[in-house]
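Biologist: I am new to this structure. Can we go through it in short questions and answers?

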Number of protein chains: 2
Amino acid sequence: MATGRTHRPATRSRGIPEATVARLPLYLRALTALSERSVPTVSSEELAAAAGVNSAKLRKDFSYLGSYGTRGVGYDVEYLVYQISRELGLTQDWPVVIVGIGNLGAALANYGGFASRGFRVAALIDADPAMAGKPVAGIPVQHTDELESIITDNGVSIGVIATPAGAAQQVCDRLVAAGVTSILNFAPTVLTVPDGVDVRKVDLSIELQILAFHEQRKAGEEATAERAVAAPAAPRKQSATDQGPDGDVPAVMPA
Amino acid sequence: MATGRTHRPATRSRGIPEATVARLPLYLRALTALSERSVPTVSSEELAAAAGVNSAKLRKDFSYLGSYGTRGVGYDVEYLVYQISRELGLTQDWPVVIVGIGNLGAALANYGGFASRGFRVAALIDADPAMAGKPVAGIPVQHTDELESIITDNGVSIGVIATPAGAAQQVCDRLVAAGVTSILNFAPTVLTVPDGVDVRKVDLSIELQILAFHEQRKAGEEATAERAVAAPAAPRKQSATDQGPDGDVPAVMPA
DNA sequence: ATGTCTTTGTGAACGCGTGCACAAAGATTG
DNA sequence: CAATCTTTGTGCACGCGTTCACAAAGACAT
């Protein structure tokens, strides 16, 4: 998973657990696919398989929304699509701004998944004056100077930050000051925001590092012996006052 | 958060909780920043603030790695950087292939965060013959036909999928068959993989939908009255045999 | 050497999320 | 209408993750 919630604990809004909310888009995607194939109903078992989750979990998730299934039959696809969409707030249009039109920002602007789900790219913003006016994904890039007016004029409440890490907090502050209350952050930095503002982060590097951890573990299981030689079972840091030689310790050591 | 683990439950490798593993890269980033500013030691409180987490959580996380701190002083920055890097497997080089060089794939290829953390882009692969040979981020794109040989020749065990959803499963199968055991999936699809293969997914659309949910809730709290009119407090699906008119029900309804 | 002060490391309690397993609901068949 | 079969909805138990709160450890001053 390349995501992680930030700040706000787990607001358990209207009794719907955060973990369930995070899965609703998954169900919605699977249901949309079924809908396009004109499948009228689906069982929890089938839908769970399509969404890659446990069927009991799926049923419990849906139970938080209400009793939308029919015992002995399953769930009505179209009806469920609507209910989940409504619950997620996708029946309304969400104008979104993307700040930082580099490689990633451009990729996001071109990403079709946004428009298809009630999200509309209201504006692309970049700090580079040379970018201004240049169309990306059919939308002309605007300069950072206009950030505030863009937000207020379009009633934008969701912002996407795809700037370098160094600029992210500053951009974030300006977005929030202008009225944005939800931020999707692609910059590899921890953003500080006031209460009431939601931040979700996507960090590509972190995802790879987590994979590397598991990859290393897999490799290590085959050859545990090798490791026992390279590093003792219970490596211990040496005391700061006891700086004798230590085979287990790396080249880079504390002063 | 834009991530979510898939399949494998939570392998609790060598006693390190999955949740802790997911935070280690965060700590590492904060520590690296401190290291660059030549800060010698840091307290759990300071580091926790920099990483955006609770200090007790951080201390507990570190306790799984060993006793690397000094009471009354804090943690030695350089030493901790090494320990976490080693734990994450970043002291070795991980060759990575990126499949699908569209906007997103190109953005990933250009992303600096990879190289700086022990990851090396070994190859870029795309199904479009017109792309073959064309350099992206200084690396020539290779055709999908060569996927298997690239994997085996370079000993690649981590693959990144940035293809359209339709091609993702097929690419995934080929990667796994060729020896890849960790996959970072950007395609909006559920990937099915054999046991022993880790998949992490990054879905931009899902992240936005989760934000929309919270955004809607925030908006709804200010004007709950409006909602009581638009939709009854306990909306109920009507029975399939009882298809009378219903103000609460959407235009799209079950047959 | 003794005492004070800072900060770690962790035991314990709590809450959330997951999965099992089954009763209840309804469809379907005879 | 009764019996059977399918599938939902959920009570319950378990385990993981988080947080509190504090004892132990060590630095530092006197």
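Biologist: Which element gives the largest share of the surface near DNA strand C?
Modeller: This is a predicted model. Around DNA strand C, two or more residues each come from H1 and H3 of chain A and from H3, S3 and S4 of chain B. The largest share is 4 residues, and it comes from H3(A).

Biologist: Which residues come nearest to DNA strand C?
Modeller: There are 26 residues around DNA strand C. They divide into 7 nonpolar, 9 polar and 10 charged. The nearest are Lys57(A), Lys60(A), Arg71(A), Ser44(B) and Tyr75(B).

Biologist: What percentage of the atoms of DNA strand C within 4 Å of the protein is sugar and phosphate?
Modeller: The count takes in the atoms of DNA strand C that come within 4 Å of the protein. Sugar and phosphate account for 65% of them.

Biologist: How far is a polar side-chain atom of Arg71(A) from a base nitrogen of DNA strand C?
Modeller: For Arg59(A), an N or O atom of the side chain is 3.4 Å away. For Lys60(B), the distance is 3.1 Å. For Arg71(A), it is 2.8 Å.

Biologist: Now DNA strand D. Which element gives the most to the surface near it?
Modeller: DNA strand D is surrounded by 26 residues, and the closest are Ser44(A), Arg59(A), Tyr75(A), Arg23(B) and Arg71(B). With 4 residues, the element that gives the most is H3(B).

Biologist: Which residue has a side-chain N or O atom 2.6 Å from a phosphate oxygen of DNA strand D?
Modeller: Of the atoms of DNA strand D within 4 Å of the protein, 65% belong to sugar or phosphate. Gly69(A) uses a backbone N or O atom, 3.1 Å from a phosphate oxygen of DNA strand D. Arg59(A) has a side-chain N or O atom 2.9 Å from a base nitrogen of DNA strand D. The side chain that lies 2.6 Å from a phosphate oxygen is that of Tyr75(A).

Biologist: Which strands stand at the edges of the chain A sheet?
Modeller: This open sheet has 3 strands in the order S2-S4-S3, paired antiparallel. The edge strands each have a single partner strand, so one side of each is left without a neighbour in the sheet. They are S2 and S3 of chain A.

Biologist: And in chain B, what is the bridge partner of Thr41(B) in S4(B)?
Modeller: Chain B has an open sheet of 3 strands, ordered S2-S4-S3, with antiparallel pairing. S2(B) and S4(B) pair over 2 bridges in the antiparallel sense. In S4(B), the partner of Thr41(B) is Asp76(B).

Biologist: Where does the kink in H1(A) lie?
Modeller: H1(A) has 19 residues and spans 28 Å from its first C-alpha to its last, close to the expected 27 Å. The kink is about 25° and comes shortly before the proline Pro25(A). It lies at Leu24(A).

Biologist: How many of the 19 residues of H1(A) are buried?
Modeller: A residue is buried when its relative accessible area is under 20%. H1(A) is largely enclosed by the rest of the structure, because its buried residues number 15.

Biologist: Which residues point the other way from Asp198(A), Arg200(A) and Val202(A) in S11(A)?
Modeller: In a regular strand the side chains alternate between the two faces of the sheet. In S11(A), 5 of its 5 residues are buried. Asp198(A), Arg200(A) and Val202(A) point one way; the other way point Val199(A) and Lys201(A).

Biologist: Which residue stands opposite Arg200(A) in S11(A)?
Modeller: S10(A) and S11(A) run parallel and are joined by 4 bridges. Opposite Arg200(A) stands Leu184(A).

Biologist: Is Thr144(B) buried or exposed?
Modeller: Thr144(B) is in the loop between S8 and H7 of chain B. A polar atom of its side chain lies 3.2 Å from the backbone nitrogen of Ala127(B). Its relative accessible area is 11%, so Thr144(B) is buried.

Notes:
Residues numbered from 1 in each chain as written. Chains lettered and ligands numbered in written order. Predicted model: local features only at pLDDT ≥ 70, side-chain atom pairs only at ≥ 80, totals over all residues. Heavy atoms only, no water. Near = heavy atom within 4 Å. Polar contact = N/O pair within 3.5 Å; in protein donor to acceptor, adjacent residues only side chain to side chain. Nonpolar A, V, L, I, M, F, W, Y, C, P; charged D, E, K, R; others polar. Pairing = 2+ DSSP bridges. Expected span 1.5 Å × (residues − 1). Bend = angle between axes of the 7 residues up to and from the residue. Buried < 20%, exposed > 50% of the residue type's maximum accessible area, 1.4 Å probe, protein only.
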